[in-house]
Amino acid sequence: MLTASCKKDFLDVPPQAQQPSTEFFVTSEDATRAVNSIYANLREWKQTAFAAIAVESIGSDETEKGSSATDATFFNAYDNFTVSSSEGQLNDFWKAQYQSINLCNQVLDNVPNIDMDASLKNRYLAEAKFVRAYNYFRLVRAFGDVVLRLATPKDATEYNLPRTSKTEVYAAIEKDLTEAAAVLPQSYSSADIGRATKGAALGLHAKVALYQKKWADVLNYTNQVMGMGYSLFPNFEAQFRIPNENNSESVFEIQCQSLPGVSGASNSQYSQVQGVRAQSGGGWGFNVPTQALVNAFEDGDPRMDATIIFRGETTPQGDAVAATGDNPRYNQKSYVPFTRPFVQNEGEDQNVRVMRYAEVLLMNAEAANELGNSSQALSSLELVRARARGSNSSILPEVTTTDQNALRLAIWHERQVELAMEFDRYFDVIRQGRGAEIFGPKGWQANKNEIWPIPQNEIDLSTGVLTQNPGY
């Protein structure tokens, strides 16, 4: 019933824990284990590896399949928008989100009945609502209308539900995040670092509002986060390394730490599948940066070299990358030094950054500009550029335009280079209404490719209760 959890400070569940469901959800310890299983599930294969890469990254102009030409060629169908509804990564992505939603719903259905500390109980429920909102956000932006399941099924009549309009799904997401933000703390003690915070709930709510063009809400929520003490980590490249996980810029990241004996619950392959191919301590070489991404960076922008590992370079951590190989570039944000010891696979301890304070600032800038407040927009934008610029005043000049359209383009560009390789570019371009302009040369079609096809396997299992998206 529950995914066995691992330990990343707060995650501490006995290895191979198995308990009949009729004996569970009785004690406070059961509630803790159930909530910890939610976090453990966020890093599993279908959540962070091939399915996420296919659905959330490869369709963009900044990435391509990578690896060798003959390996996992199904990725090419996502890159050129020829994917069919029967392609397996679609089904994996769908299942991953609903498995996580199921864990959240179990907590929300059962923990209220446990006799335990009321404050801790309320916090656990808020954590489950945050994660459920995160899963539904990933679903709705990928597929549009999806099944909205806010409780575990009580009987057979609740097993097979039709799709719910994306408007209603967004409303449910926002309700969860509003309720979560009202309860979650701004920070935790060291033993609980990595759990969802008030800032994470507000930041995700801002992003959900961003996709709906609710500019006043975006501005409100980001303003609140900006008053909570977050700050940009001084070194852009170093913030993505393991020693700097959960730093001052981290709003929410998925905690990853491999433990012997609990591989099914603790293992993360997020870094391995994107690591430098054919290099000892590297990885499989998928989801690699394109030349288009290289070209997007302004001259001298140090974020380019901090985002992309180039063939033949030596990384800041001293790893010499071979000058020859299948791919000219790799994702540096998911990189783990080649010499780091591992138990199960390369890069297993690399956290997945879900939201950084830099994104909060850029959402704030975008909303302020849309609402006609160019002064605040420029101020938030400059904070991001200033960190990237560092002490080199000859690069990344301050943006000063107050023309709304020009500033909008500047903010969109900043999102592209600041958040590159973080699984947002594809959906950013679509929400901006630029899919045909930017992805058209790759085969993207308006009124079809704004969303992916519903997995055919799910339609078949529903005996036609689920319907397919137009054009597929």
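This is a predicted model: local features need pLDDT of at least 70, side-chain atom pairs count only at pLDDT 80 or more; totals for chains, interfaces and linings use all residues.
Let us start with helix packing. Two packed helices are described by the angle between their axes and the distance between the axes. Helix α5 covers residues 88–110 and helix α6 covers residues 118–143; their axes lie 9 Å apart, at an angle of about 155 degrees. Angles over 145 degrees count as roughly antiparallel, and α5 and α6 are therefore roughly antiparallel to each other. Where α5 passes α6, the crossing is left-handed.

Which residues of α5 and α6 make the contact? On the α5 side they include Leu-90, Phe-93, Trp-94, Ile-101 and Leu-108. On the α6 side, Tyr-124, Leu-125, Val-131, Leu-139 and Phe-143 are among them. Sorted by class, the contact of α5 with α6 has 16 nonpolar, four polar and three charged residues.

Now look at helix α8 (residues 198–211) and helix α14 (residues 357–370). Their axes come within 10 Å and cross at roughly 40 degrees. That angle makes α8 oblique to α14. This crossing, too, is left-handed.

In the contact, Gly-203, Ala-206, Lys-207 and Leu-210 of α8 meet Glu-359, Met-363 and Glu-366 of α14. By class, three of the residues in the contact of α8 with α14 are nonpolar, one is polar and three are charged.

## Aromatic rings in pairs

Aromatic rings are the next stop. A pair of aromatic rings is described by the distance of the centres and the angle of the planes. How many aromatic pairs does the structure hold? There are 25 of them.

One of these pairs joins Phe-50 and Phe-75: it is edge-to-face, with 5.1 Å from centre to centre and 80 degrees between the planes. Phe-50 lies in helix α3 (residues 50–56) and Phe-75 in helix α4 (residues 75–79), so the pair ties together parts that are 25 residues apart in sequence.

## A stacked pair

Tyr-426 and Trp-452 also form a pair. Their ring centres are 5.5 Å apart and their planes meet at 25 degrees, so the pair is stacked. Tyr-426 sits in helix α17 (residues 425–431), while Trp-452 is in the loop between α18 (435–439) and α19 (456–461), 26 residues apart, and the pair links these distant parts of the chain. Tyr-426 is buried, with a relative accessible area of 1%, and Trp-452 is buried with a value of 1%.

Helix α17 also holds Asp-428. This residue counts as buried, at 4% relative accessibility. Asp-428 and Tyr-211 are 217 residues apart in sequence, yet 8.5 Å apart in space, C-alpha to C-alpha. Leaving aside neighbours within four places in sequence, Asp-428 is in contact with Tyr-211 and Arg-415.

## Two more residues and their contacts

Where is Gln-332 found? Gln-332 is in the loop between β5 (329–331) and β6 (352–356). With 0% relative accessibility, Gln-332 counts as buried. Beyond its neighbours within four places in sequence, its contacts include Glu-237, Arg-241, Asp-305 and Pro-316.

Glu-370 brings us back to helix α14. Not counting residues up to four places away in sequence, Glu-370 touches Trp-215, Gln-404 and Arg-408. Its C-alpha atom is separated by 24 Å from that of Val-251, which is 119 residues away along the chain.

## Positive phi angles

Finally, a look at the backbone. Most residues other than glycine have a negative phi, and most peptide bonds are trans. Ala-72 is not a glycine, although its phi is positive, at about 50 degrees. Ala-72 is found in the loop between β1 (63–66) and α4, and it counts as buried at 13% relative accessibility.

Asn-287 has a positive phi too, of about 60 degrees, although it is not a glycine. Asn-287 lies in strand β3 (residues 286–289) and is buried, with a relative accessible area of 0%.

Notes:
Residues are numbered from 1 along each chain as its sequence is written. Side-chain values use heavy atoms; hydrogens and water are left out. Axes are lines fitted to C-alpha atoms, for helices over the stretch in contact, and angles run from 0 to 180 degrees between N-to-C directions. Helices (H or I, at least four residues) and strands (E, at least two) are DSSP runs, numbered from the N terminus. Angles under 35 degrees count as roughly parallel, over 145 as roughly antiparallel, 65 to 115 as roughly perpendicular and the rest as oblique. A crossing is left-handed if the near helix is turned anticlockwise from the far one by less than a right angle, and right-handed if clockwise. Contact means heavy atoms within 4.5 Å. Ala, Val, Leu, Ile, Met, Phe, Trp, Tyr, Cys and Pro count as nonpolar, Asp, Glu, Lys and Arg as charged, and the others, Gly among them, as polar. Rings of Phe, Tyr and Trp (its six-membered ring) pair if their centres lie within 6.5 Å; planes under 30 degrees apart count as stacked, over 60 as edge-to-face and the rest as tilted. Buried means under 20% relative accessible area, exposed over 50%, partly exposed in between (1.4 Å probe, protein chains only).
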